[in-house]
Amino acid sequence: MPYRLVAVMPHTPEVDAIHPLGKIPALRHGDVTLCESRAICLYIDRAFDGPPLTSADPLAAARIEQWISIVTTAIDPLFLRQYVAAYIFPGTQDGSPNRPVIDAALPKMKPLFALLDRAVAATGHLAGHGFTLADMYLMPILYYMDKMPESRAMLRKTTHLASYFARHLARRSVAETLPPAMPGGRG
Ligand SMILES: N[C@@H](CCC(=O)N[C@@H](CS)C(=O)NCC(=O)O)C(=O)O
């Protein structure tokens, strides 16, 4: 769907007006306001025509939700909020990457890379045989993994996951939603 991205920080008045905790993303569509990414995706999926992001089949839909939940509760907190954050919001005096935080994350990330590698090995997707919302939750995380040195090496070693990432990165919808360059010249 066509959209207009308004780049605002969390806890600014525009965001606070929509999200009770001041978090992004937040959506405006006419008079509708919504927050929380899963709720926003549900609305977009059901309110507009186009290929479904999830499935009408109960078990297929549950498998998609299962992987969204694993990505949001196990992968995202470690990969993004601990590891990537230690590079881009390091909290160090000179702004250099926070090595203790990075070094603590790496051994915990390794088995999760292996888990994801196994998950996509059979069909090239996280759930079922097509590109779904579960893959849409994972792709942005892999995008950042490919930008940082240790995670890039881990990603390249997981052959199924690496080819999954390369294949889906070429999708038009992924290319059109790549984030702006990161601070420090990464990406
Ligand atoms: N469960 C939320 C998480 C959103 C979230 O954590 N957003 C971050 C930026 S990626 C944020 O706004 N952080 C500010 C804060 O937590 O105070 C969702 O899925 O939308």
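Predicted model: local features only at pLDDT ≥ 70, side-chain atom pairs only at ≥ 80, totals over all residues.
Q: OK. How does the shell around the ligand divide?
A: Into 3 nonpolar, 2 polar and 3 charged residues.

Q: Which residues are around the ligand?
A: Pro10, His11, Lys23, Ile24, Pro25, Glu36, Ser37 and Arg81.

Q: What is 2.7 Å from a nitrogen atom of the ligand?
A: A polar backbone atom of Ile24.

Q: And which side chain has an N or O atom 2.8 Å from a ligand oxygen?
A: That of Arg81. For Lys23, a side-chain N or O atom is 3.4 Å from an oxygen of the ligand.

Q: How much of the ligand's accessible area does the protein cover?
A: 62% of the 500 Å² that the ligand has on its own.

Q: Switching to helices. At what angle do H4 and H6 pack?
A: About 10 degrees, with the axes 10 Å apart. H4 is residues 99-121 and H6 is residues 149-157.

Q: Why call them roughly parallel?
A: Angles under 35 degrees count as roughly parallel, so H4 and H6 qualify.

Q: Which residues make the contact?
A: From H4, Arg99, Ile102, Leu106, Met109, Lys110 and Phe113. From H6, Glu150, Ser151, Met154 and Leu155.

Q: What's the breakdown by class there?
A: The H4 contact with H6 has 6 nonpolar, 1 polar and 3 charged residues.

Note on methods
Residues numbered from 1 in each chain as written. Heavy atoms only, no water. Axes fitted to C-alpha atoms, helices over the stretch in contact; angles between N-to-C directions. Helix = DSSP H or I, 4+ residues; strand = E, 2+ residues; numbered from the N terminus. Parallel < 35°, antiparallel > 145°, perpendicular 65-115°, else oblique. Contact = heavy atoms within 4.5 Å. Nonpolar A, V, L, I, M, F, W, Y, C, P; charged D, E, K, R; others polar. Near = heavy atom within 4 Å. Polar contact = N/O pair within 3.5 Å; in protein donor to acceptor, adjacent residues only side chain to side chain. Areas by Shrake-Rupley, 256 points an atom, 1.4 Å probe, with all protein chains shown as cover.
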